[in-house]
Amino acid sequence: MDSRQAVDEQAAAEQAKASAEQERREQDSSQRSAAEPQGESPGARTPGEDGAAARDADEDALRGDVDELVAVAAQRDEYLALAQRTQADFENYRKRVVRESTAAHERGIVRLAEELLPALDNLDRALDDDAAERTGGDDALLTGVRLVRSELRAALARMGIKCFSPQGDAFDPTEHEAMAQKPVAEAQSGTVVEVVQPGYRLGETIIRPARVVVAA
């Protein structure tokens with residue numbers, strides 16, 4: 001009994017000693033922590049670092065705004081160029097339509113004139129002196145023919161068709177058709193000395209060249 005009691009007392013003493021040693025170590029650790037200066041916690045920012053971060057954020061935002069403005073300006077320039085090309089294409093189309101419409105209108109007038117000119121030529125021949133003699137000088141008939149010829153010429157004139165008679169002009173193969181050539185004492189060679197049939201033009205377009213006799 002005495003031996004077992006002694007063992008128990010020794011174990012209790014050693015446990016008390018270990019507890020005291022552990023308590024002493026904890027006290028020493030607390031004292032050292034209180035004596036050391038407080039350090040910054042991990043991840044904590046200083047005021048200077050916060051200001052730099054804010055400036056970086058502002059610069060990033062400003063850079064993003066500038067990039068967006070540049071993109072908008074580029075898109076605007078692209079749309080402007082597209083609008084200008086579209087306007088130029090439309091203007092060219094409008095001019096082409098006007099030219100084609102004018103040309104078609106002139107072609108229609110020329111075709112109509114080509115159909116009417118033979119009838120007008122017949123009226124002119126009917127009013128020649130020889131034709132008048134063959135009709136026995138019927139003034140009423142000649143007056144009617146003259147009236148028809150006058151109205152027909154007026155209708156052609158309203159459409160812009162002009163009659164030209166190059167008597168005395170130099171022969172021009174683009175406007176005249178030489179029917180004959182003969183020597184004329186008082187005329188220079190190459191001069192139109194007689195108009196067999198007058199010519200007709202619409203603006204710069206020759207509908208029918210004048211048929212002429214040219215001095216040799």
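In the largest nonpolar core, which has 15 residues, the members that touch the most others are Leu117, Leu120, Leu156, Ile161, Tyr200, Leu202 and Ile207. By nonpolar core I mean a set of buried Ala, Val, Leu, Ile, Met, Phe, Trp, Tyr and Cys residues joined through side-chain atoms within 4.5 Å, where buried stands for under 20% relative accessible area with a 1.4 Å probe, protein chains only. At least two residues of this core come from each of helix H2 (47-126), helix H4 (139-158) and strand S4 (199-202), and H2 gives the most, with 6 residues. Helices (H or I, at least four residues) and strands (E, at least two) are DSSP runs, numbered from the N terminus.

Apart from this core lies another, of 5 residues, among them Phe164, Val192, Ala210 and Val212.

This is a predicted model, in which local features need pLDDT of at least 70 and side-chain atom pairs count only at pLDDT 80 or more, while totals for chains, interfaces and linings use all residues. Residues are numbered from 1 along each chain as its sequence is written, and side-chain values use heavy atoms, with hydrogens and water left out.

Turning to the strands, 3 of them form an open sheet in the order S2-S6-S3, with mixed pairing; two strands pair if DSSP finds at least two bridges between them. Strand S2 (176-182) and strand S3 (192-197) are the edge strands, each pairing on one side only. S2 and strand S6 (residues 210-215) run parallel and are joined by 6 bridges, and Ala180 has Val213 in S6 as its bridge partner.

Key: Buried < 20%, exposed > 50% of the residue type's maximum accessible area, 1.4 Å probe, protein only.
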